[in-house]
Structures are given as C-alpha cells and as structure tokens.
Amino acid sequence: MIYTITFNPALDYIVRLDHLTPGTINRTEQEYVLGGGKGINVSIVLNNLGMNTTALGFIAGFTGDEIVRQLNNFGVRESFIRLKEGLTRINVKVKASDEETEINGRGPTISDDELQALYTQLDTLTDQDTLILAGSIPSSLPSDMYEIIMERLAHKYIRIVVDATKDLLTRVLPYKPFLIKPNNHELSEIFGRTLSTKEDLVTAAKELQTQGAQHVLISMAGDGAILVAVDGTVYTSSAPKGTLINSVGAGDSMVAGFMTGYINTQDLQQALYWGIATGSASAYSENLATKNEVLALLDTITK
C-alpha cells in the first residue's frame, strides 16, 4: 500500500474571469470546487494509475466531508482523522487573464489526542508499504512533524518519500528518505544561490545525498527532470510537448508517476519517464492526470 499524509488539506475554490479589479464587484466566467492538498493529489493520481493507495491526514466540518465525497467519487481509499472542531480550510484561487491571486485559509487546530490517532495508524505500516509526506504543516502542529514521524518509523524500514520545501525538507535528510522531490527553484532557495545549469543542480542534489537523501528527483517544469540516484547515476528526461493549462498538482503528479513506474518496473530510468509523463499530463489538463493521458505522453518520451 502507498499511504499519503496531508496535514492541511483544503477545498480549492477556483474562479476564472477576464480581469480582476480590486475594490469593486467582479463577475466570474467559470468556477469550480476541488478537494486538494499535496498528499491528496498524489493519492488521486496513484489511484488513476491503478496503484493501491490510502489517503491519511485530518479533516473537519462540512468542507472535510466534501473532500471525502470527492475522493469516494474517484474511488480513492481514505482513513482521515475526523477532527472534533473547526473546518477544513478553503483556498480561493482567482485566475484572471493577466494574473493569478490566491487567498489560502488557515485550517483547523489539531489536538494532541487527534495527532496520537494518526501515530496509531502509522504504527501499523510495514516494510512492504510506502509513505509519502507532502506539503506544509499547520501551525497547530510541531514544525518538526516530518522528523517525528520518520524517527518513529525508522525501525520499520518503510520506503518514505518527502515532497516539501526549505527546512521542512532538509531537516529530514538524516533519516534517509527514499526519495525527495525539490524543483530547481526550491533547490536554489535551499542553497541560497541561483542554480541555473544541469551541473549546478546535480551538484546540489549530491550535496543533499551526503546529508542522507537516497534518490533526488528534480523537476524543472517545461525543461523536464533530473534524477540523481543513490549510487550517483544521473538520469534525465525531457518534457513532452503540450500546452500548459494548470500547473497546480503537476509536482504531486510527478511523485505519483515516479513511484508507479518504480514499483512496477524497478527501473529508475523508467520511473523517471513515468514521473515526467504524469506531471506533464496534469499540467496539460484542467484536472489531475488519468492513465490514458499518461500513457499517451509516455509513448512520446520513450520513442
């Protein structure tokens, strides 16, 4: 089973309009509501690709119920902790022709008892499972939440994937995550300088490996991706051609595609192809990648 954890899920209320004029009434041209959060996105795409996945995390109130309803419609298993108080947050994303504006909610408070319920779930995992930690940590939880989980599970030898930014990522490296997935801009932030060439990015990835990371997957949007394997081998893949429609969830989709490819083939180059094809399929669509979309792009990459 591939488990994902989303500590701070959200309902994304997405509106499209021609132009946003602050301080006055604006009329939308399109609007829709999508349950989201990095781990949830990963589970949806894994499920689309035929993988066994269960979404873990915390939900609250009617907004949390809507996320569960949407996951049920996708056929995704979930085992969320239902919080006694508060509401799962709502993120408002305004997409105008000339700019995008986001207002992200704060999210509910998670109590010690509710956090302990998650630990109890994680204690059932075995070395046959994969755990994906993705996204931010809400303010009501310790900032070292990922470290606490990885230390707790260290003796189980579970394959753990971490998709996070800055300190949240670098602090888990001593626990030897199986895979980390920074993009090129996040790597530049970590090292405090612009990493503009392939050589710069590979050098940075190998530095993270000296700190404990096993495989480092670097996404570069339209420029493709680089994988620096635990043995030092560098794999690359260009991005398939397509029109960018929506970049939200593309990185999460890459993680789902990579793990699908790796689990099914045990081949890192193939896993990279699956990752870039899946991330691109989501970027070239209004919704998260489907298997048919991924296979169509995969065919163009591997030819």
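Predicted model: local features only at pLDDT ≥ 70, side-chain atom pairs only at ≥ 80, totals over all residues.
**View 1. Phe-7 and Tyr-146 form a tilted aromatic pair.** A pair of aromatic rings is described by the distance of the centres and the angle of the planes. For Phe-7 and Tyr-146, the centres are 6.0 Å apart and the planes make an angle of 40°. Phe-7 lies in the loop between strand 1 (2–6) and strand 2, while Tyr-146 belongs to helix 4 (residues 145–153), so this pair ties together parts that are 139 residues apart in sequence. Is Phe-7 buried or exposed? Phe-7 has a relative accessible area of 2%, and because buried means under 20%, Phe-7 counts as buried. Tyr-146 is buried too, at 1% relative accessibility. Now look for Phe-58: ring pairs link Phe-7, Phe-58 and Tyr-146 into a cluster.

**View 2. Arg-159 lies over the face of Phe-178.** Here you can look at a charged side chain and a ring together. The distance from Arg-159 to the ring centre of Phe-178 is 5.6 Å.

**View 3. Four strands make an open sheet, in the order 3-2-7-8.** Strands of a sheet pair through backbone hydrogen bonds, either parallel or antiparallel. In this sheet the pairing is mixed. Strand 3 (30–36) and strand 8 (100–103) are the edge strands, each pairing on one side only. From one strand to the next, the twist averages 15°. Strand 7 (residues 89–96) pairs with strand 8 in the antiparallel sense, over 4 bridges.

**View 4. Helix 1 (residues 38–48) is mostly covered.** Of its 11 residues, 8 are buried. Among them are Ile-40, Val-42, Ile-44, Val-45 and Leu-46. You will also find Gly-39, Asn-41 and Ser-43 buried in helix 1. Gly-50 follows helix 1 and has a positive phi, near 90°.

**View 5. Strand 13 (residues 225–228) is covered on both faces.** Ala-225 and Leu-227 are buried on one side, and Ile-226 and Val-228 are buried on the other. Strand 13 pairs with strand 12 (residues 215–219) in the antiparallel sense over 4 bridges, and with strand 14, again antiparallel, over 4 bridges. Leu-227 is the bridge partner of Leu-217, and Ile-226 has Thr-236 of strand 14 as its bridge partner. Both pairings are hairpins, so try tracing the turns. The hairpin of strand 12 and strand 13 has 5 residues between the strands, and Ala-221 in the turn has a positive phi of about 50°. In the hairpin of strand 13 and strand 14, with 5 residues between the strands, Gly-232 has a positive phi near 95°.

**View 6. Ser-237 is a buried residue of strand 14 (residues 234–237).** Its relative accessible area is 6%. Leaving aside neighbours within four places in sequence, Ser-237 is in contact with Asp-223, Gly-224, Ala-225, Leu-272, Tyr-273, Ile-276 and Ile-301.

Conventions:
Residues numbered from 1 in each chain as written. Heavy atoms only, no water. Buried < 20%, exposed > 50% of the residue type's maximum accessible area, 1.4 Å probe, protein only. Helix = DSSP H or I, 4+ residues; strand = E, 2+ residues; numbered from the N terminus. Pairing = 2+ DSSP bridges. Axes fitted to C-alpha atoms, helices over the stretch in contact; angles between N-to-C directions. Phe/Tyr/Trp six-rings, centres within 6.5 Å; stacked < 30°, edge-to-face > 60°. Lys NZ or Arg CZ within 6 Å of the ring centre and 35° of its normal. Contact = heavy atoms within 4.5 Å.
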